[in-house]
Each structure stands twice: as C-alpha cells, then as structure tokens.
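Colleague: Could you help me read the charged side chains here? I'd like the general idea first, then the actual case.
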Amino acid sequence: PRNDTQYIVKHLKQDVTGSGYTEVVTERETLQGTTDAAPTVTPKTTYQGFKPGTYTSTTIAGNGSTVVEVKYDRMQYTVSFNANGGTPAPSTQSVRYEGKVSTPSTISKTGYTFGGWYKYYNYTGTAWNFASDQVISYTNLYAKWTANTYKVHFDGNGHTGGSMPDQTFTYDEASKPLSQNTFTKTDYRFTGWTTSSGSSTVVHTDKKSVNNLTAEPNGTFNLYAVWVPLPKVRFKVEGGIGGKLKCTYDGTTQEASGNTEKYFIVEYDSISKNATFTAVPDSGWALDEWHINPGPFNDGSQSTDLQRAVTRIVSDVTVTVKFRH
C-alpha cells in the first residue's frame, strides 16, 4: 500500500444552539498516510469552553477522498438565580458556552423595587444584559432590590391652626416616631391619628414609632387628625331661686342665677387649672345641697361649704347648687 495517500482532517465546533457544527476553516489539515490504514488524527486542545474532540474511526481510501471530522461539543454551564427574597424565584438554566441566558419571569418583593440581575453579590459593574451577555462559566446571578421610600402626609382634618410637613420613610427601616402633632382646633383636643377622614378611631397615637406603612414606591400614606371636644363645665342654681352660683376658671369668673345655665370650656385633665365654685345665698336663704354629675362629691355632702372645686376634668360635668329658705 502507498504511504503517501492524502486525507483531510476538519475541526468543527458545535453551534451555540446545539443544532449543528461549524468548521474552523483555518484549522483544516491536509495530511498523508498509508492506504487502508487508520489516519493519524490529533484533536485540538486549545478550544476554550469546548469538550475534547471526538470523531468516527475510519481508514484512508486509496483515492484520497477520506475526510475526518473532529467535533467539539460546547461545555454546558449551570446558571443559578439568587432572588434575594423576591418571588417567584427563577429556576436554574443550563446554557452552552457563549450562549445567552433566557430572561427569567418577572419577580417581586414587597416594599422594594427590582433593579436587575447582577453577576456579583455586591452588585458591582452593570446589570446582566440578557440580549447580549454570554455565559462562559458557571454563573450566579443576584437580584438587586432597592427599598421603596414613601411619605406620610398629615391632614389636620378640620384644624383651625398649625401646619405639618410630610415625613419621609424607607421600607424595612427600623421603626421611628411619627412627627409630633402641631395642628390645633379651637375648643377641641387632639387624640391621635386615623386613616380615614371620617373615622374617630385612633390608629396611631402622637409620636408613635411606626414602619412599613405602605409598600408602594414613592407612595403617600395619609393620616388624619382625630379631634374630641374639650370638656364643658356647666353650672346653675337648682330651681332658679335662693341665690347665685359663681365659677372661676383660669382667671375668669362667670355667675349663674335664676334659670340661666353658664359653662366654661376647660383644658382636658389639667393639673393646674381648677373650676372653683362659690355659692352666694340671697338674704334669708341658706345653702342646702351641692350636686355634680358625674363628680367627686355626693349630693348633700358638706352642704354648709359655700365653696367647692372640681379638678382634673376629663369629661363634661354639671354642677348645681340648691338653696333652702
């Protein structure tokens, strides 16, 4: 047999899609060997990202028509997704060398805005580009999340004075106090905040520490002031005869006589401002009984005391005095 019979060795790389092979034309070899003997084939070892080449054994044809194709399959790499708390977490993908990762389905995380997938856990560099970035090794992709910021808007809900700016919060930050109320309403006291303008149910007290009031990015959480009328102290002479009843509160004195009822609007639960009552019998009349509803002293008690005081008033009270002839 001849030992100078020509044969050709081609080197073919698998396509990224896995559907076929493409020859590396510059690597084609034209060799000589012995007719009917096995050709000498040396697979390349320099193809990064490819498995060792394989070929089908054959013998050299005497007419020089033998072609040996060495095929190199691409390595397959696992691509994993770390959703960092987002849902639904994408499944892993197996991607051929220099292939592209399929764009995963949309994920979400309460109170956060998605900022893309990154190759590094600390989000350095740019976000992974699923249209152009190629897989060349085992790859982990990390979801980047940015905590949403939102504003708390304070509504005076019928207030007559004061103003309050919005307060900024960030989702999942440690609880922090709501701004102290600075609204006022004449003859009313502030008791807290509610979430509906028509509600009187206090949801948050003044300066209560809160967080995560809304998950919406750049959202606004509205709080409405809850107002309760200040207590009234009413006073009059029972039956309208026999004398007068004076009341002094916060430096001001009013006098009730006959069937006229007078009142003061007083500070809630004040420890420094008392309502002081003085009974003034007419000539020929004497103090008979004090009455208060509700109150700290009983009907008829200490009826000879012409002066009484009501302290730390937390609700409406009515004081009457009865004279006897």
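Colleague: How many salt bridges does the count come to?

Modeller: A salt bridge is a side-chain nitrogen of Lys or Arg within 4 Å of a carboxyl oxygen of Asp or Glu. By this rule there are 11 salt bridges. Keep in mind that this is a predicted model, where local features need pLDDT of at least 70, side-chain atom pairs count only at pLDDT 80 or more, and totals for chains, interfaces and linings use all residues. Side-chain values use heavy atoms, leaving out hydrogens and water, and residues are numbered from 1 along each chain as its sequence is written.

Colleague: Which residue forms a salt bridge with R2?

Modeller: That is D4, and the closest N and O atoms of the pair are 3.0 Å apart.

Colleague: And is R2 buried or exposed?

Modeller: Buried means under 20% relative accessible area, exposed over 50%, and partly exposed in between (1.4 Å probe, protein chains only). R2 counts as exposed because its relative accessibility is 51%, while D4, at 34%, is partly exposed.

Colleague: What about E23, buried or exposed?

Modeller: E23 is buried, since its relative accessible area is 18%. Its side chain meets that of R28 in a salt bridge, 2.8 Å from N to O, and R28 is partly exposed at 38%.

Colleague: Which residues are linked in a network of salt bridges?

Modeller: Look at R234, E261 and D316, which are linked in such a network.
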